Amino acid sequence: MALLHCGAFSFRSLNFSHPSSSINFTQYSVKASSFSSPLPSPLLRFNVTGKAIPGDGKAETKESSLVVSFGEMLIDFVPTVNGVSLADSPAFKKAPGGAPANVAVGIARLGGSSAFIGKVGEDEFGYMLADILKENNVNSEGMRFDPGARTALAFVTLRSDGEREFMFYRNPSADMLLQEDELDLDLIRKAKIFHYGSISLITEPCRSAHIAAAKAAKDAGVVLSYDPNLRLPLWPSADSAREGILSIWETADIIKISEEEISFLTKGEDPYDDAVVRKLFHPNLKLLLVTEGADGCRYYTKDFNGRVEGLKVDAVDTTGAGDAFVAGILSQLAEDLSLLQNEEKLRDSLKFANVCGALTVTERGAIPALPTKEAVLNALFKPVS
């Protein structure tokens, strides 16, 4: 058992052998936070879009505002009680998750047009996840099923000391095995925004599929959105994680990172120092977002930067909050990319995104907790106590 410390992260990797197979368990803890900033001004303007029409995995997509998310989809097992370790949890509730899939569902819940591209196991959990996408009006034409690998699982809990604890089951999981020739390139080229993380860069063949998908999107003039979503234990080493995350950094048009990820990528520099953050702003970047949990977010463009406060809520489970934030801002940008040049309109959209993240932490699980546009607007106009 190895213990690795990096900034606010603490990780353990556990390997167990079974006579007929090898199973890898990866466990890590991440400092969690609740949203506790004052409610922003309700004088906001938001784009309203219609939902896609559900079907047999072929929900109608509006090409002009389609957001395609690429990467992993899995099952989160969330304890029925907080304040105990994974080992001491009496029971778990299964909840669909996986950062890119969370974003796809989040956008659809907000009334936007979204699609998901990724791979799950040809098993009951994989079928369940496909059904979840359909039920939430997410286009799943790009979803693939692997008959030889299981759908990924993750156990998540919030301990009494405020740390989130995860244990992943991937050896390998189906999401790691998506191949380039399985990509729905036509769907990618139809998108206005193509969104992805870094977990799909860790192993082949998914890494090559990721690179090919992003290139197809870029060549088609699609805006590229990147949330590294650092999960250090899934990488061979901290150095390989840093190198892998930064290897595609300069191709992205929009990047969302957390304070902890800034410290990690800059090898310990102050994430609150604008000069440090600006080091991560590459020449072709249109928008860099830094999420700060309870304190809302910061934004940086070539021409302006600032901070937008968050919303005070009682946190139950912080899983998926960052993905809800991403869904919130991408749903707005998909309708109006001019937000990137208009600071006032961008700030309004970020207030909306902050509330998306805040509402998500008030329920257990990621996808089950993602808010509707109605819920977000209600929270903006009617402050919750």
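**Close-up views of helix packing, a cavity and backbone geometry**

**View A.** The axes of helices H9 (residues 343–360) and H10 (residues 373–381) come within 9 Å of each other and cross at roughly 105 degrees. H9 is therefore roughly perpendicular to H10 (angles of 65 to 115 degrees count as roughly perpendicular, under 35 as roughly parallel, over 145 as roughly antiparallel and the rest as oblique). On the H9 side, the contact (heavy atoms within 4.5 Å) is formed by Lys351, Phe352, Val355, Cys356 and Leu359, and on the H10 side by Lys373, Ala375, Val376, Leu377, Ala379 and Leu380. By class, these residues comprise 9 nonpolar, no polar and 2 charged (Ala, Val, Leu, Ile, Met, Phe, Trp, Tyr, Cys and Pro are nonpolar; Asp, Glu, Lys and Arg are charged; the others, including Gly, are polar). Axes are lines fitted to C-alpha atoms, for helices over the stretch in contact, with angles from 0 to 180 degrees between N-to-C directions. Helices (H or I, at least four residues) and strands (E, at least two) are DSSP runs numbered from the N terminus.

The model is predicted, so local features require pLDDT of at least 70 and side-chain atom pairs pLDDT 80 or more, whereas totals for chains, interfaces and linings use all residues. Residues are numbered from 1 along each chain as its sequence is written, and side-chain values use heavy atoms, leaving out hydrogens and water.

**View B.** Helix H8 (residues 321–335) packs against H9 at an angle of about 150 degrees, and the two axes lie 7 Å apart. H8 and H9 are therefore roughly antiparallel. H8 contributes Ala321, Ala324, Phe325, Gly328, Ile329, Ser331 and Gln332 to the contact, while H9 supplies Leu346, Ser349, Leu350, Phe352, Ala353, Asn354, Cys356, Gly357 and Thr360. Among the contact residues, 9 are nonpolar, 7 are polar and none is charged.

**View C.** H8 also packs with helix H1 (residues 99–109), the axes coming within 8 Å and crossing at roughly 45 degrees. That angle makes H1 oblique to H8. The crossing of H1 with H8 is right-handed. Ala99, Asn102, Val103, Gly106 and Ile107 of H1 meet Asp323, Val326, Ala327, Leu330 and Ser331 of H8. This contact holds 6 nonpolar, 3 polar and 1 charged residues.

**View D.** A cavity is a set of points on a 1 Å grid over the protein atoms alone where a 1.4 Å probe fits but cannot get out, and lining residues have an atom within 4 Å of a point. Points are joined across faces, edges and corners, and the volume is the space filled by probe spheres set on them. The structure contains 4 cavities of 30 Å³ or more. The second largest cavity is lined by Gly71, Glu72, Arg170, Asp175, Met176, Ile199, Ser200, Ile202, Thr203 and Cys206. Its lining divides into 4 nonpolar, 3 polar and 3 charged residues.

**View E.** Asn171 and Pro172 are joined by a cis peptide bond, with omega about -15 degrees. Pro172 belongs to the loop between strand E10 (163–169) and helix H3 (185–190). From Glu204 to Pro205 the peptide bond is cis, with omega near 5 degrees. Pro205 is placed in the loop between strand E11 (193–196) and helix H4 (206–219).

**View F.** Asn229, although not a glycine, has a positive phi of about 50 degrees. Asn229 is found in the loop between strand E12 (223–226) and helix H5 (238–247).

Definitions and conventions
On a 1 Å grid over the protein atoms alone, a cavity is a set of points where a 1.4 Å probe fits but cannot get out, and a pocket is an open set with protein on both sides within 12 Å along at least five of seven lines; lining residues have an atom within 4 Å of a point. A crossing is left-handed if the near helix is turned anticlockwise from the far one by less than a right angle, and right-handed if clockwise.
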